[in-house]
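Subject: Structure handover

Hi,

Here is the structure I promised to pass on. Please open it and keep it in view while you read.

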Amino acid sequence: MGLFLGLGIAGIVLLAASLVLDGVLEGFFDGALDGLFDGWLSLPVIAGFVSMLGFTGAIVLGSTGLGAGPATAAGALTGIGAGWLTWKLSRALMNDRSAAAPRGDDLIGTAGSVVTAIPADGYGEVLLRVAGQPVKFAAKSDAPVPRGVEVWVEEALSPSSVRVRLVER
């Protein structure tokens with residue numbers, strides 16, 4: 001019984017470690033096994049298998065008169081099920097592309113306000129709303145723009161800088 005409980009606890013510890021050491025086990029093989037197991041050697045899958053093997057084995061051993069062999073078989077079956085379910089859920093989460101990340105072209109036409117004055121020959125800062133979140137960007141303009149003025153994005157110069165123009169009303 002102690003061995004099964006130890007495996008269950010080790011699986012939980014491995015699962016906690018997988019949150020901290022995400023992708024480390026795959027990195028040990030340095031691409032040699034790419035596509036061979038297709039995610040089956042991930043830490044969450046192994047942790048799910050080991051913990052279910054241990055806890056199910058302990059339950060079967062403690063609640064029935066069966067020996068260690070049937071308890072191990074029952075634990076292995078539920079461990080395979082838990083590993084498969086973990087693999088399917090992690091693949092579904094990793095392949096979820098419902099909300100694409102905004103690109104530079106998505107910023108064009110966005111209104112914002114100047115938080116650091118923009119000189120004629122340099123950069124200032126503007127605050128824009130990107131996907132509903134306020135984000136600061138470095139900003140250039142053809143003319144100097146004072147702090148607090150509303151501007152529109154004309155062009156995305158880089159992932160972190162834009163060219164703006166003054167909003168005329």
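Below is what was found, from the whole chain down to single residues.

**Overall**

Please keep in mind that this is a predicted model. The protein chain has 4 helices and 5 strands. Along the sequence the pattern reads α-α-α-α-β-β-β-β-β. The chain holds 169 residues, and 26% of them are buried.

**Helix α1 against helix α3**

Start with α1, which covers residues 2-20. Its axis comes within 7 Å of the axis of α3, and the two cross at roughly 155°. An angle over 145 degrees counts as roughly antiparallel, so α1 is roughly antiparallel to α3. The crossing is left-handed.

Which residues meet here? On the α1 side they are F4, L5, L7, G8, I9, G11, I12, L14, L15 and S18. On the α3 side they are L43, P44, I46, A47, V50, S51, L53, G54, F55, G57, A58 and L61. By type, the contact of α1 with α3 has 16 nonpolar residues, 6 polar ones and no charged ones.

G2 also sits in α1. Its relative accessibility is 56%, so G2 counts as exposed. G2 and G54 are 52 residues apart in sequence. In space, their C-alpha atoms are 9.3 Å apart.

**Helix α3 against helix α4**

Helix α3 spans residues 43-63, and helix α4 spans residues 68-94. Their axes come within 7 Å and cross at roughly 150°. That makes α3 roughly antiparallel to α4. The crossing of α3 with α4 is right-handed, whereas that of α1 and α3 is left-handed. The contact of α3 with α4 divides into 14 nonpolar residues, 9 polar ones and no charged ones.

With 32% relative accessibility, M52 counts as partly exposed. Leave out its neighbours within four places in sequence, and M52 is in contact with G57, G75, T78, G79 and A82. M52 and G11 are 41 residues apart along the chain. Their C-alpha atoms are separated by 7.9 Å.

Next, go to the loop between α4 and β1, where T110 lies. Strand β1 itself is 111-116. Is T110 buried or exposed? At 16% relative accessibility, T110 counts as buried, because the cut-off for buried is under 20%. A polar atom of the T110 side chain lies 2.7 Å from the backbone oxygen of L107. Beyond its neighbours within four places in sequence, T110 is in contact with L128, R129, V151, W152 and V153.

**E154, in β4**

E154 is in strand β4, residues 150-158. Its relative accessibility is 33%, so E154 counts as partly exposed. Not counting residues up to four places away in sequence, E154 touches I108, R163, V164 and R165. S141 is 13 residues from E154 in sequence. From C-alpha to C-alpha, E154 and S141 are 9.3 Å apart.

**S161, in β5**

Last stop: strand β5, residues 161-166, which holds S161. How accessible is S161? Its relative accessibility is 7%, so S161 counts as buried. What joins the side chains of S161 and S158? A polar contact of 2.8 Å does. Setting aside neighbours within four places in sequence, S161 is in contact with Y123, F137, A138 and A156.

**What to look at, in order**

- The left-handed crossing of α1 and α3.
- The right-handed crossing of α3 with α4.
- T110 in its loop between α4 and β1, with the L107 backbone oxygen 2.7 Å from a polar side-chain atom of T110.
- E154 in β4, touching residues that include R163, V164 and R165.
- S161 in β5, with its 2.8 Å polar contact to S158.

Best wishes

Notes
Residues are numbered from 1 along each chain as its sequence is written. This is a predicted model: local features need pLDDT of at least 70, side-chain atom pairs count only at pLDDT 80 or more; totals for chains, interfaces and linings use all residues. Side-chain values use heavy atoms; hydrogens and water are left out. Axes are lines fitted to C-alpha atoms, for helices over the stretch in contact, and angles run from 0 to 180 degrees between N-to-C directions. Angles under 35 degrees count as roughly parallel, over 145 as roughly antiparallel, 65 to 115 as roughly perpendicular and the rest as oblique. A crossing is left-handed if the near helix is turned anticlockwise from the far one by less than a right angle, and right-handed if clockwise. Ala, Val, Leu, Ile, Met, Phe, Trp, Tyr, Cys and Pro count as nonpolar, Asp, Glu, Lys and Arg as charged, and the others, Gly among them, as polar. Buried means under 20% relative accessible area, exposed over 50%, partly exposed in between (1.4 Å probe, protein chains only). A polar contact is a pair of N or O atoms within 3.5 Å; within protein, one must be able to donate a hydrogen and the other to accept it, and residues adjacent in sequence count only if both atoms are side-chain atoms. Contact means heavy atoms within 4.5 Å.
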